[in-house]
Amino acid sequence: MVSNKNHPQCIIGRVATLSAWLGRNSSTESSTVRRKRRRRTRQCRWTACRRGVCVQYYVGVWCAPPPPPPPDACRLLSPVMSGAGSHADREEDYRFLHSMLMEKKLHLLFKIHERLRRFESRCPSAVQEHAASLASDLAKDLMYQSQKDEVKELVALLNQALFKSLLSVHDAVAQKDFQPTLPPIPDDTLEEEEDSVKLVSLVKTKEPLGATIKKDQSTGAIIVARIMQGGAADKSGLIHEGDELKEVNGVSLEHRKPKEILPLLARSQSEIKFKIVPAFDRKDVSSNKAKLFVRALFDYDPGEDPAVPCKAAAVAFKRGDVLQVVSAEDDVWWQARLLRDGRARAGLIPSQQLQERRVALQRPEALFRPRREKPPASEDVDYGAITGIHIGGIRRSFRLGKKSSLTTDAAGSRRWSAGMHGSVCPPTYIEVMPYHSPPEDRGRLVVLVGPSGVGVNELKRRLLISDPDRYGVAVPHTTRERRAREAEGVHYHFVSVHAFEEAVLKHKFIEYGRHTGQYYGTSLDSVHQVLAKGKVCLLDVHPSKIKVVYTSEFKPHVVFVKPPCVEELRLTRRRAEAPGDPKDTNPLRIFSDQDLEDMGAQAEAIDSQYGHLFDRVIINSDMAAALRELRGDLERTEGEEDVRWVPAEWIRSLERRSCGRLSSWI
Ligand SMILES: Nc1ncnc2c1ncn2[C@@H]1O[C@H](COP(=O)(O)OP(=O)(O)OP(=O)(O)O)[C@@H](O)[C@H]1O
């Protein structure tokens, strides 16, 4: 890399050499001025090496600014060159000086500087202060787009180092990082400390420094424990994990506790000056920032976490949020940024290991909910709810249908005892990747789950009626006799017991059971048939069956239909019991108070056990509003621009057809 003479580091290195050479050869400079220049050059160089081209700007930002070149500086470079020949006593120096002053990039920089000066007089304000991260996000998103040439070209452009540097400079200017001008580096630093101590001046803004400190128990030194990615300290590139803080604004930190240092920082006005002993074995992590995205499978509130090292530096999130993990180097605390907050700074989140340990120690009710009653021995499913109401293949759901209040407890325990498959590893985070379904891929599986009686079927029915060309349902299989006015492949697939049992053995069913001695089931093939027509297949299953279709093949969108609070439930369901539209063929279901309470309890149990699989939660209080919300959600997720965050496993194993299980919490 260094051998490339056009590389920014190389150029800066040569500038520094030149600066030293000028210092050595200038007879008019005093030794103090020379020393000052040397020190500043070292600092500039060091900063520059970390930040590439844009650093040349930052050098002016964080250190004393160089005097601005006069207008039309480009034109002045040639006479300088012609005059330099007589001063350079070595051929080698002359050649270097010549190549440097004739460097195209240098001329371009001067041009940019001149343009900026002209702009400055007009006081333009930036439309976008974070163009670099926006471009990087865009490049990431586009990588998963269709492979059109224009898209590829745009991705290549966005990934170019020069383009990134340009945007980085743009952001620095937009954020006015260069104000106010910092004073020159103090001259009272002991000469012998020069090699080991670094002086850093940072402009103080409203933004926190983005670093945590700790006291080294053996040496008593104050050490930078963490640097938050994207925070002020990180952006400066001047402070690193493991650095020892010697002074803050000239105040020695010797024998001080970390909490005594915070007031010192708070007291600083426009800038903060640090004297730092750089970490001896600092790892340069700038080049390999993590690109890991995870979906949180639990809620986290740092305010309620007594173990978090710094509450202010932590990130609160909700189950389902997508986080970008920017550092997973620490076993206990990762650093991540919340995606829904756009350009939010990274902060601390519990690592997967920590969260697993916590869940194991706390054994929360959610994961270890005791059964209220022993599950019945029979595997048979109660299809009491299958009452022969058919609308283009709709029937009462195979989900354990409506129960009398006497049977609810047994049913409830049977439902939830069946679904403990995912609890071997407590849900912490799942790695996700952006996925953009190709426009030709119109078919889509939407899984609807909810407690019995909440209105899943009603929502499904209304969606189908509203747009039969867009929505479809899988036609179930049964072994019972075909009735008059029932059509094969429309209401049911009528099959023999032998054929049904063979299909069961071949794992062809998502869900199946028996009612009054006859088999009923929904097959994977029948879902495929709906998808092949380019329709959205609405599938209503018991939540424990989500896992069967939670695969790269189906990439389902899972919607949880949740009841409102019991008072509202009572109000809306009672109102519905009043005579309504006489043309409505869907008979009303009468709910007792106990039914409504059970519905709420079941919803809670489903939520705590399967909530990590839900893409959307819809509260079904008012039916029309719930339908509107569901339609809106489905239309949005079908939109071509919408990027879905799906398990990384799906993307990686698109070829594997039956990886179904959620095997990899990361
Ligand atoms: N928001 C609502 N307001 C009033 N009544 C509703 C509402 N949602 C559903 N219902 C009524 O509740 C009853 C049960 O609805 P539905 O059959 O859709 O429930 P389900 O979740 O499919 O139950 P199951 O799985 O047991 O069949 C129906 O009579 C339906 O009309």
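This is a predicted model: local features need pLDDT of at least 70, side-chain atom pairs count only at pLDDT 80 or more; totals for chains, interfaces and linings use all residues.
Residues are numbered from 1 along each chain as its sequence is written, and side-chain values use heavy atoms, with hydrogens and water left out.

**First stop: H7 and H8**

Select residues 131–143 for helix H7 and 149–158 for helix H8. Helices (H or I, at least four residues) and strands (E, at least two) are DSSP runs, numbered from the N terminus. Nonpolar covers Ala, Val, Leu, Ile, Met, Phe, Trp, Tyr, Cys and Pro, charged covers Asp, Glu, Lys and Arg, and the others, Gly among them, are polar.

Now look at the axes: those of H7 and H8 come within 9 Å and cross at roughly 145°. Axes are lines fitted to C-alpha atoms, for helices over the stretch in contact, and angles run from 0 to 180 degrees between N-to-C directions.

**Second stop: H7 and H9**

Show Ala131, Ala132, Ser133 and Ala135 in H7, which meet Leu167, Ser168, His170 and Asp171 in H9. The residues of this contact divide into four nonpolar, three polar and one charged.

Next, select Phe298, Tyr300, Phe317, Trp334 and Tyr429, which ring pairs link into a cluster. Rings of Phe, Tyr and Trp (its six-membered ring) pair if their centres lie within 6.5 Å; planes under 30 degrees apart count as stacked, over 60 as edge-to-face and the rest as tilted.

The structure holds 14 aromatic pairs. Phe298 and Tyr429 form an edge-to-face one, 5.3 Å centre to centre with 65° between the planes. Phe298 sits in the loop between strand E7 (292–296) and strand E8 (322–327), Tyr429 in strand E11 (residues 429–435), 131 residues apart. Both Phe298 and Tyr429 are buried (under 20% relative accessible area, with exposed over 50% and partly exposed in between; 1.4 Å probe, protein chains only).

Finally, turn to Phe317, whose pair with Tyr429 is tilted: 6.2 Å centre to centre, 50° between the planes. Phe317 lies in the loop between E7 and E8 and Tyr429 in strand E11, so this pair ties together parts 112 residues apart in sequence.

Definitions and conventions:
Contact means heavy atoms within 4.5 Å.
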